Amino acid sequence: MPDFKQIYTDIINEKFPEKINNPAIRNRLNALHTASDILKFNALIFGQPTYSVGCKSQRLRSYDEPSICEILNYQKKNRLTNTETANHFKTSRNTIARWKSVYKL
């Protein structure tokens with residue numbers, strides 16, 4: 001697994017040096033363990049992507065098992081449909097359905 005702490009530290013130092021002293025960013029930087037942590041941290045650093053950029057880069061995302069379980073638990077806790085969950089996490093409804101059949105939560 002790549003060293004995301006080092007990768008994001010280099011990005012922040014190069015592109016956003018004013019953000020390196022922010023305590024919220026420092027705390028999150030030390031807690032990058034799952035794919036959902038990385039996606040949330042990415043949104044914190046770069047902001048939310050525009051629709052066209054977010055839609056094109058969606059194919060490149062991958063999720064680990066704890067992140068998938070977190071998404072499925074969020075769906076169950078909030079009583080959401082596959083479509084509502086997919087829209088919230090910017091994935092396809094077919095992906096959510098496949099995860100539900102594989103992980104049986």
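**Figure 1. The chain holds seven helices and zero strands.** Helices (H or I, at least four residues) and strands (E, at least two) are DSSP runs, numbered from the N terminus. Read from that end, the elements run α-α-α-α-α-α-α. This is a predicted model, in which local features need pLDDT of at least 70, side-chain atom pairs count only at pLDDT 80 or more, and totals for chains, interfaces and linings use all residues. Residues are numbered from 1 along each chain as its sequence is written, and side-chain values use heavy atoms, with hydrogens and water left out. The chain has 105 residues, and 26% of them count as buried. Buried means under 20% relative accessible area, exposed means over 50%, and partly exposed lies in between (1.4 Å probe, protein chains only). A contact means heavy atoms within 4.5 Å. Among the contacts with a separation of 6 or more, 58% join residues 24 or more positions apart.

**Figure 2. Tyr 8 and Phe 41 form one of the four aromatic pairs in the structure.** Rings of Phe, Tyr and Trp (its six-membered ring) pair if their centres lie within 6.5 Å; planes under 30 degrees apart count as stacked, over 60 as edge-to-face and the rest as tilted. Here the centres are 5.1 Å apart and the planes stand at 85°, which is edge-to-face. Tyr 8 belongs to helix α1 (residues 4-15) and Phe 41 to helix α3 (residues 35-46), so the pair links distant parts of the chain, 33 residues apart. Tyr 8 is buried at 8% relative accessibility, and Phe 41 is buried at 0%.

**Figure 3. Phe 16 and Phe 46 form an edge-to-face pair.** Their ring centres are 5.6 Å apart, with 70° between the planes. Phe 16 lies in the loop between α1 and α2 (23-29) and Phe 46 in helix α3, so the pair ties together parts that are 30 residues apart in sequence. Phe 46 is partly exposed, at 42% relative accessible area.

**Figure 4. Lys 19 lies over the face of Phe 16.** The distance to the ring centre is 4.7 Å. A charge sits over a ring if NZ of Lys or CZ of Arg is within 6 Å of the ring centre and within 35 degrees of the ring normal. Lys 19 is found in the loop between α1 and α2 and is partly exposed, with a relative accessible area of 22%. Leaving aside residues up to four places away in sequence, Lys 19 touches Ile 12, Ile 25, Leu 44 and Ile 45. Lys 19 and Ile 45 are 26 residues apart along the chain, and their C-alpha atoms are separated by 8.2 Å. A polar atom of the Lys 19 side chain lies 2.6 Å from the backbone oxygen of Ile 45. A polar contact is a pair of N or O atoms within 3.5 Å; within protein, one must be able to donate a hydrogen and the other to accept it, and residues adjacent in sequence count only if both atoms are side-chain atoms.

**Figure 5. The buried residues of α3 pack against α1, α2 and α5 (65-78).** These residues are Ala 35, Ser 36, Ile 38, Phe 41 and Ile 45. An α-helix has 3.6 residues a turn, so residues three or four places apart point the same way. Helix α3 has 12 residues and reaches 16 Å from its first C-alpha to its last, close to the 16 Å expected. The expected span is 1.5 Å times one less than the number of residues. Just after α3, Gly 47 takes a positive phi of about 85°.

**Figure 6. Thr 85 lies in helix α6 (residues 82-89).** Thr 85 is buried, with a relative accessible area of 0%. Its side chain reaches the backbone oxygen of Thr 81 at 2.9 Å. Not counting residues up to four places away in sequence, Thr 85 touches Ile 71, Gln 75, Leu 80 and Ile 96.

**Figure 7. Arg 79 and Lys 90 each have a positive phi.** Most residues other than glycine have a negative phi. Arg 79, in the loop between α5 and α6, has a phi near 55° and is exposed at 76% relative accessibility. Lys 90, in the loop between α6 and α7, has a phi of about 55° and is partly exposed at 44%.
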